[in-house]
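Here are my notes on this structure, as numbered points. Please keep the model open while reading them.

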Amino acid sequence: MSPSEPVVDLRSDTVTRPTPAMRKAMADAEVGDDGYGEDPTVRALEEAFAERVGKAAAVYVPSGTMGNQIALRLLGAPGTSVIAGQRSHVVAYEQGAFGTNGSAQALTVDDRTGSLDPAEVAWFVEAGGPHHWLPVSAVCVENTHMPSGGRPWPLEHLAAIASLGVPVHLDGARLFNAEVATGIPAATYAAHATTVMCCLSKGLGAPVGSMLAGAADLIEAARVERKRLGGAMRQAGVVAAAGLVALDHNVERLADDHARARRLVDAVGERWGACGLDPATAATNVVVFAPPDPAGLLAHLAAAGVRAATIAVGVVRLVTHLDVDDAAIDRTVAALRSSPA
Ligand SMILES: Cc1ncc(COP(=O)(O)O)c(C=O)c1O
């Protein structure tokens, strides 16, 4: 790596820095006390997002984790289970919040294909109650599904699960990546969900914030839960302004991230063959694979000025985003090709 070359950070799409347009919008933002519902920029963001996903209302929350946790608290009742994928964010990557914030039990099912099997979910729903199994109060689905390489959900799986009559929470941290990759509007996915969470701080490039949308009464209850969790903010318009820019300007460009991720998928395939990565399923901005020597690869990439990380034992992840350009991908591809092991 030449000392003049910037580090390529592929650890996550959360590492982006606000664009000049975001910084300007933040500086100019009109603000008020959002605790009193008086921040006009937050309100504008909540309305814009609710409309974008076809829901009556939305609430701005500090993080995707908080959006998920609020939804679980609202939909999951004591003495019931909430079905979620074994490797999903709510189960694996929220530091056990599912078990400490919520009152429902997690019922985890296989999600290696990137979605949940509607027949398996239907079985658990039917088993709840009469057969002494816990009633299922909600199903949590993750679209795109990060641990399987950012796969978008097949719409028919989501529709089949929604048709079971149990509330569905959609962890759509990267829902707009799914929209851009499949051409299925975010609102069409969200129509099969009771609540939908989206992160503005991932592919969309905002510095902070996520949205939770749903029916008006549910979102009013979500505001109370947000307060309980300490997530009510005050002059949050300063950051919401960047969220509005993200929503208005950074959705279509996700296609560039996907094209760049595809180049990484091809390079990984050329270097290591399948290694847990099926090129046919790689559609968005997350590339996960199991090289023979993950620690060695991370060290080799670091020496070439490329930062990456593991997300599970032996599983390396590369994520493209707003701050990764073609030159950065050229360097990463070269580093992958020259990896000794
Ligand atoms: C699928 C998914 N859901 C939820 C989250 C949580 O978002 P946050 O980091 O804003 O808490 C993430 C973050 O990486 C994620 O990948």
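1. Strand S5 (residues 136-142), helix H7 (residues 155-162) and strand S6 (residues 168-172) form a right-handed β-α-β unit. Right-handed here means that, with the strands pointing away from the viewer, the path from the first strand over the helix to the second runs clockwise. Helices (H or I, at least four residues) and strands (E, at least two) are DSSP runs, numbered from the N terminus.

2. The model is predicted: local features need pLDDT of at least 70, and side-chain atom pairs count only at pLDDT 80 or more, while totals for chains, interfaces and linings use all residues. Residue numbers start from 1 along each chain as its sequence is written.

3. S5 runs parallel to S6, and 4 bridges join them; strands pair if DSSP finds at least two bridges between them. Within this pairing, Cys 140 stands opposite His 169. S5 is also joined by 4 bridges to S3 (residues 81-85), again in parallel, with Ala 138 as the bridge partner of Val 82.

4. Of the 7 residues in S5, 7 are buried (20 or more other C-beta atoms, placed from the backbone, lie within 10 Å of the residue's own).

Terms used: Buried ≥ 20, exposed ≤ 12 C-beta atoms within 10 Å, placed from the backbone.
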